[in-house]
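Here are some notes to read alongside the model. Please keep the sequence and the 3D view open while you go through the points.

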Amino acid sequence: MLAQSRSGSHPFGVVPIVEPAGGRGVDRIDRCHRAFFSFAGGIVPTAMSSAEPATDALPVVIIGAGLAGLTVALHLAAEHPVIVLAKRNLDEAATAWAQGGIVGVLGDDDSIDSHVRDTQDAGAGLVDEHTARFIAQHSAEAIEWLVARGVPFSADPDGPLGLHLTREGGHAVRRIAHAADATGKAIHDVLLDEVKRHPNIDMRERWMAVDVITSRQLKRDEAPRCYGVYALDIDSQRVETLPARAVVLATGGVGKVYRYTSNPDTATGDGIAMAWRAGCRVGNMEFIQFHPTCLYHPQERSFLITEALRGEGAHLKLPSLGPGDPGGKRFMAAHDERMELAPRDIVARAIDFEMKRHGLDHVWLDATHLGEAYLKEHFPTIHARCLALGIDIARQPIPVVPAAHYTCGGVVTDLRGRTDLPGLYAVGETTYTGLHGANRLASNSLLECVVLGRTCALDIEAQTERREPSLPAWDESQVENADEQVVIAHNWDELRLLMWNYVGIVRTTKRLQRALHRIKLLRSEIDDYYGSFRVNRDLLELRNLVDCAELIVRSALMRHESRGLHYSRDYPYALPVSFPTVLMRSAAAGKKPKTRGISV
């Protein structure tokens, strides 16, 4: 029987991205493109060898029901049974909240090289070119696949594929396919409906993964691999054992580690934390993208004002600074020559600077000059939501603040979604593939989900099925029901507040050190609680958040420069040469982090 408690220290080590930990698993990222396929063609990846005959078909367990997870499921389900776990309602995935769009290199004025250059510029020198090129090369086919599924993109009879393309910050041309200002929801609704109707896909709503099951946990004398997952049925409050042919982490990012975020409540870093605890490397966790424009309103703290609104000409302005000042002065020209079309990290820092400089709690995003008819046609969701809150965006500027939005780092994978642990895959915002570098280019994330969701599925299909060992049941024999849930709520609030205050848009070494000290104390309390009481969703999410918070702070402390989304007052300049920050768990408990392989 596997004991529930897994408390203990979490030592770190740091390695450059050269070879995979343990000698297997992840191809070097800049070589991954070689064996890949055209969406119209095929793939011949290397299969894992096994002398054991296949038994009854095991399911592929996909953790997460956003675009990445649904894409993998749809590509696998024709030949394999699939289980998809969604820890909340099926429509609460971050995909459904995405407003802007998905990149497609489609127009005559565009090219793969142009998209790659824009991705590299936004990524501030840390984008892997082969990854960016591979994904750009398959962008048109990815959009064609979505169109074939029935996604209702905004139309333009004169546009490529009959689509209206918009432009967002950091893009040289119009290349964003969109469904008005609710692209993510349009995509998610279509794919979710198809998944629900598929006879080979078992959708389990209100199920949350606890941890992946590895050979290390089973005490087997073999190379580490993943055999399945422990998952909590939230309604019955029972933890079930799910054996799997493969496990796919598609849980999204970690925005809920911050007090203010545009992310849904699902974004608690579950996949990143589970992979870390299973021994996988994580990369670039210091690069948390803060979206510049989240609605500032007491009744709505997570509503995103899409990048596309600035792309279509909305202006950032200062509100009134006192008597006699009506407000309305534009300020982006003082920060970047691209003004409102600068990459998100620059815009977010500019807003943060102006708010602190003038003692403001928000700035204005003014789209009134675009006209009511235009705003209703192209931004109906934003127009309606703001109007319901008493803000007529055709006549009033929108009050906005920056908020944690996207996790540019995550579990280190190759372009087939393979992690360091055979049998464990990861796709989407959960991952670090080298695409986003030090800052994500707008609308690249949905594209990454579709392109690499397919490559992940094809790699799983190519693996030789193994006879799996009997997996132990979850052991609750030495724990009891929690006595006071207030402990979880208090620790959750404290963690998110300290991350916002000490590990936000602008950082200092002292702030980071203070954050790390407090995170260690919180971890001790959380580990003790986890080892003593039966698990529930709030406790599991808090446990994952504290893991991810430590990864973010450790990574930030090791980067002695300012680059992309990581800005340090103690190291305000970028170094001439820089590398990704990659962390791995040290084999020796308590071993201090190494500092090589970061930035030189």
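1. The model is a predicted one. In this pocket, 22 residues form the lining, and Tyr260, Asp352, Met355, Pro402 and Trp500 are those nearest the centre. Two or more lining residues come from each of β14 (288–295), α8 (344–358), β18 (398–407) and α12 (486–502).

2. What kinds of residue line the second largest pocket? The lining has 13 nonpolar residues, three polar and six charged.

3. An open sheet is built from five strands, in the order β14-β18-β17-β15-β16, with antiparallel pairing.

4. Val363 lies opposite Val400 of β18.

5. The largest nonpolar core contains 76 residues, and Ile63, Val257, Tyr258, Leu424, Leu495, Met499 and Ile552 have the most contacts inside it. The helix that gives the most to this core is α14 (residues 537–558), with 12 residues. Leaving aside residues up to four places away in sequence, Val257 touches Leu495, Arg496, Met499, Leu545, Ala549 and Ile552.

6. Another core, of 58 residues, lies apart from the largest one; among its residues are Ala132, Met203, Cys449 and Ala457. In soluble globular proteins, nonpolar side chains tend to be buried together.

Key
Residues numbered from 1 in each chain as written. Predicted model: local features only at pLDDT ≥ 70, side-chain atom pairs only at ≥ 80, totals over all residues. Heavy atoms only, no water. 1 Å grid on protein atoms, 1.4 Å probe; cavity = no way out; pocket = protein on both sides within 12 Å on 5 of 7 lines; lining within 4 Å. Helix = DSSP H or I, 4+ residues; strand = E, 2+ residues; numbered from the N terminus. Nonpolar A, V, L, I, M, F, W, Y, C, P; charged D, E, K, R; others polar. Pairing = 2+ DSSP bridges. Core = buried A, V, L, I, M, F, W, Y, C linked by side-chain atoms within 4.5 Å. Buried < 20%, exposed > 50% of the residue type's maximum accessible area, 1.4 Å probe, protein only. Contact = heavy atoms within 4.5 Å.
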